[in-house]
Amino acid sequence: MLIAADKFKGSLTAVQVAERVTAGLRRAAPDAVVESLPVADGGDGTVDAAVAAGFERHEVRVSGPLGDEVTAAFALRGDTAVVEMAEASGLQRLPAETFAPLTASTYGSGELLRAALDAGARTIVFGVGGSATTDGGAGMLAALGALFLDADGEPVAPGGGALGDVATADLSGLDARLPEVDLVLASDVDNPLTGPKGAPAVYGPQKGASPDDVAVLDAALGHFTTVLEKAIGARAAECAVAPGAGAAGGIGYGALVVGARFRPGIDVMLDVLGFARALDRADLVITGEGSLDEQTLHGKAPAGVAAAARAAGKEVVAVCGRLALAPEALGRAGIRRVYPLTDAEPDIARCIADAGPILERVAENIGRDFLV
């Protein structure tokens with residue numbers, strides 16, 4: 001049996017989910033052979049999943065989204081690094097109840113990429129999601145050597161709101177190692193940079209952006225693209241409408257500009273984590289995440305796990321905190337049965353607060369249904 005579940009956001013990490021499910025299964029079947037492979041789709045928790053799969057954790061001091069110094073981590077195995085932008089520039093790096101939609105910067109994410117290069121990475125899986133930022137990756141590019149100057153020749157202020165002041169862009173100082181690296185943009189988001197489906201309009205409100213802020217950010221990112229087009233040519237405009245450009249506040253755009261190739265985050269992570277080999281050893285796969293809903297079906301980890309398992313002829317069940325999908329949708333996704341925590345504990349608040357013990361009880365039921 002293989003446990004390949006994502007985190008229960010706000011309650012349990014993917015590693016903790018695997019531990020609790022394993023404990024529950026062994027209550028029902030003490031001799032069960034259980035293998036765990038915590039997974040992630042490129043968002044927060046991606047580095048932890050890589051470390052659980054055998055990568056080495058590297059910690060560095062970088063700039064947080066507001067410019068304060070934070071300790072962030074990337075994962076390395078051989079010459080392959082897994083870098084998670086949320087480690088440096090994620091919402092969790094902001095003080096409680098604080099948002100900075102116009103000023104939060106991805107500079108620290110660029111510092112993380114540079115640290116991975118310094119550690120010898122030749123392939124970098126750049127997982128993006130959970131960002132506090134909407135700066136089009138400008139901060140990241142600046143950390144990697146780009147210059148963005150205003151009309152007076154001064155560096156523009158951090159954050160997406162200031163990009164409307166960019167008069168010139170100079171990418172000639174970008175880290176010379178970038179063209180030699182396979183940079184993979186791993187995300188479950190394929191939005192363009194701007195417009196009705198762009199980063200500010202779709203994701204800005206989640207980061208505290210008011211309708212006026214969204215308008216400012218969308219115009220600023222459009223202007224940023226125009227200035228970059230003057231600097232590097234038509235590729236700047238092409239990258240802005242490419243899938244993934246709008247990921248994580250547009251950091252996807254910055255990554256594409258420096259040559260990244262976009263892949264769905266869960267597909268990349270399953271490859272990196274060695275999922276296919278673990279799947280070969282399993283007869284049943286348990287996947288899951290905090291909420292199984294419509295978003296799950298659009299590139300989230302459980303959908304990717306279920307698709308890969310179904311292609312290999314393996315049966316899949318899922319655990320979750322909350323289930324908001326009809327049986328027909330689950331069937332199409334390749335998930336035979338779901339075990340939500342709310343079946344064991346109807347009180348949502350208690351499910352969140354006591355997710356671990358409740359998940360063990362749920363997993364015990366899975367063990368009885370499939371192992372006994």
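I count rings of Phe, Tyr and Trp (its six-membered ring) as a pair if their centres lie within 6.5 Å; planes under 30 degrees apart are stacked, over 60 edge-to-face, and the rest tilted. I am working on a predicted model, where local features need pLDDT of at least 70, side-chain atom pairs count only at pLDDT 80 or more, and totals for chains, interfaces and linings use all residues. Residues are numbered from 1 along each chain as its sequence is written, and side-chain values use heavy atoms, with hydrogens and water left out.

**Entry: aromatic rings**

I searched the whole structure and got 2 aromatic pairs. Phe 148 and Phe 224 sit edge-to-face, 5.2 Å centre to centre, with 70 degrees between the planes. Phe 148 is in strand β7 (residues 147–149) and Phe 224 in helix α7 (residues 211–232), so this pair ties together parts 76 residues apart in sequence. I take helices (H or I, at least four residues) and strands (E, at least two) as DSSP runs, numbered from the N terminus. Phe 224 also pairs edge-to-face with Tyr 253, at 6.3 Å centre to centre and 75 degrees between the planes. That pair links Phe 224 in α7 to Tyr 253 in helix α9 (residues 251–257), 29 residues apart. I checked burial next (buried is under 20% relative accessible area, exposed over 50%, partly exposed in between; 1.4 Å probe, protein chains only). Phe 148 and Phe 224 are both buried, and Tyr 253 is buried too.

**Entry: helix α10**

Asp 271 lies in α10 (residues 265–273). Is Asp 271 buried or exposed? Asp 271 is exposed, at 52% relative accessible area. The helix itself reads otherwise: 7 of the 9 residues of α10 are buried, so it is largely enclosed by the rest of the structure. Among the buried ones are Ile 266, Val 268 and Leu 270. Gly 274 follows α10, with a positive phi near 80 degrees.

**Entry: Thr 287 and its sheet**

I looked up Thr 287 in strand β11 (residues 284–292). Thr 287 is buried, with a relative accessible area of 0%. A polar atom of the Thr 287 side chain lies 2.8 Å from the backbone oxygen of Ala 4. Beyond neighbours within four places in sequence, Thr 287 is in contact (heavy atoms within 4.5 Å) with residues including Ala 5, Pro 302 and Val 319. I then traced the open sheet: 5 strands, order β2-β1-β11-β12-β13, parallel pairing. Strands pair if DSSP finds at least two bridges between them. The edge strands are β2 (35–36) and β13 (337–340). β11 pairs with β12 (residues 315–323) over 8 bridges, in the parallel sense.

**Entry: salt bridges**

I searched for salt bridges (a side-chain nitrogen of Lys or Arg within 4 Å of a carboxyl oxygen of Asp or Glu). The whole structure gives 21. Arg 27 and Glu 364 meet at 3.4 Å, N to O. Arg 27 is in helix α1 (residues 14–28) and Glu 364 in helix α16, 337 residues apart. Arg 27 is partly exposed at 44% relative accessibility, whereas Glu 364 is buried at 15%. Which residues join them in a network? Arg 20, Glu 360 and Arg 368 are linked with Arg 27 and Glu 364 in a network of salt bridges. I also noted Arg 281 with Glu 35, closest N and O atoms 2.6 Å apart. Arg 281 is exposed at 55%, and Glu 35 is partly exposed at 27%.

How values were computed:
Polar contact = N/O pair within 3.5 Å; in protein donor to acceptor, adjacent residues only side chain to side chain.
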